Amino acid sequence: MIEAKDLCKHYGSIIAVDHLSFTVGPGEVLGFLGPNGAGKSTTMKILTGFLAPTSGSATVYGHDIVDDSLAARRRIGYLPEGAPSYGEMTVDQFLTFVARARGIEAGHIIATVGSAIERLNLGTVVHQSIETLSKGFRRRVGLAQAILHDPDVLILDEPTDGLDPNQKYEVRRLIGAMASDKIIVISTHILEEVAAVCNRAMIISEGRLLADDTPSGLLARSRYHNAVTLVVENPHRAASVLSELPEVAKAELHGRELTVFPTGDGLFEAVSRAVSTHGWDVRELRLEAGRLNEVFREITGGAAAS
Ligand SMILES: Nc1ncnc2c1ncn2[C@@H]1O[C@H](COP(=O)(O)OP(=O)(O)O)[C@@H](O)[C@H]1O
Ligand SMILES: [Mg+2]
């Protein structure tokens, strides 16, 4: 378990982390979601023992990250922001170096490095120097060093940042594959990532925790949750007809999309009935799960996110 209590971090007059408290357990993939400068990286640096908090405390499986830092860090794999490593080393040399630094016994180093290389699909580049690798491969090397000692806790700072869509997909898949028995904390400013990989999300802004929920719980907070959006031939007429239905609280037209908001249950059925009764030419008709970007904007008071 990770337990953070009342963590604060000040850089001079800047308050980067402002009284954060949370607990994370095995099987949880927790996303720190927040705009740039929210304090995500700083929180991760505190949890991994790279920075001491100004006040407050945190433990990793009972080990205090300040007083018992080495024991805490043994349980953690950490991918820092931008996945720095030693560019002039080959992948093999770098991972061997990390394995030694992690105190893995000499007789187990080759097997340990080999297994990380296999899990991260680095077989084709083991003898290549890291600086010559593509961004996607470099990120995978970063992930390989993080999982090398098979830690119980993985802390990954923007693991997919700067990757192309295929590479993002691959990294998310890897995180998903490791998720069942570990505590995984990732940071991201990408909303879709939270829905794609996390089973819990903490929205952080200006160092403060503004929401702690499941991705579907966040979606349920959206005013679009259970709304119905349609694209029809004559949206103005459809809007006025649909507005009269008892299931419809409100109709809004945005560009070519008409969205109707529910008063209660049965909205989708009611809209479908109206469509067939009036014989409207419908190009699209969908039930909305909710819109994360709108929830995010609402919660953070308009802070930007992609
Ligand atoms: N070493 C530092 N010195 C001074 N201010 C810093 C330092 N690192 C981060 N900050 C500030 O702390 C705040 C939080 O930064 P950070 O934790 O990197 O946010 P995030 O990872 O969410 O983008 C920002 O205002 C940032 O400018
Ligand atoms: Mg950051």
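Colleague: Let's start just after H1: which residue there takes a positive phi?

Modeller: That is Gly-49, with a phi of about 80°. Helices (H or I, at least four residues) and strands (E, at least two) are DSSP runs, numbered from the N terminus. Residues are numbered from 1 along each chain as its sequence is written, while chains are lettered from A and ligands numbered from 1 in the order in which they are written. This is a predicted model, in which local features need pLDDT of at least 70, side-chain atom pairs count only at pLDDT 80 or more, and totals for chains, interfaces and linings use all residues; side-chain values use heavy atoms, leaving out hydrogens and water.

Colleague: Thanks. Which residues other than glycine have a positive phi?

Modeller: Tyr-61 has one of about 45°, and Asn-121 has one near 55°. Tyr-61 is in the loop between S4 and strand S5 (63-64), whereas Asn-121 belongs to the loop between helix H4 (106-119) and helix H5 (135-147).

Colleague: How much of the chain is buried?

Modeller: Of its 306 residues, 49% are buried. The chain has 11 helices and 14 strands, and its C-alpha atoms fill a box of roughly 75 × 45 × 30 Å along the principal axes.

Colleague: Back to H1. Why is this helix largely enclosed by the rest of the structure?

Modeller: An α-helix has 3.6 residues a turn, so residues three or four places apart point the same way. In H1, 7 of the 8 residues are buried, so the helix is largely enclosed by the rest of the structure. The buried ones are Lys-40, Ser-41, Thr-42, Thr-43, Met-44, Ile-46 and Leu-47.

Colleague: Now the ligand. Which residues are around ligand 1?

Modeller: A residue is near a molecule if one of its heavy atoms lies within 4 Å of it. Around ligand 1 these are Tyr-11, Ile-14, Ala-16, Pro-35, Asn-36, Gly-37, Ala-38, Gly-39, Lys-40, Ser-41 and Thr-42. H1 gives the largest share of this shell, 3 residues.

Colleague: Which polar contacts does ligand 1 make?

Modeller: An oxygen atom of ligand 1 is 3.0 Å from a polar backbone atom of Gly-39, and an oxygen atom of the ligand is 3.1 Å from a polar backbone atom of Ala-38. A nitrogen atom of ligand 1 lies 3.4 Å from an N or O atom in the side chain of Tyr-11. Taken alone the ligand exposes 560 Å², and the protein buries 63% of that; such areas come from the Shrake-Rupley method with a 1.4 Å probe, and for residues only the protein chains shown count as cover.

Colleague: Last one: where is Ile-130 found, and is it buried or exposed?

Modeller: Ile-130 is found in the loop between H4 and H5. Its relative accessible area is 1%, so Ile-130 is buried. Along the chain, Ile-130 and Gly-142 are 12 residues apart, and their C-alpha atoms are separated by 10 Å. Ser-134 has its place in the loop between H4 and H5, and is partly exposed, with a relative accessible area of 37%. The C-alpha atoms of Ser-134 and Thr-90, 44 residues apart along the chain, are separated by 13 Å.

Technical notes: A polar contact is a pair of N or O atoms within 3.5 Å; within protein, one must be able to donate a hydrogen and the other to accept it, and residues adjacent in sequence count only if both atoms are side-chain atoms. Buried means under 20% relative accessible area, exposed over 50%, partly exposed in between (1.4 Å probe, protein chains only).
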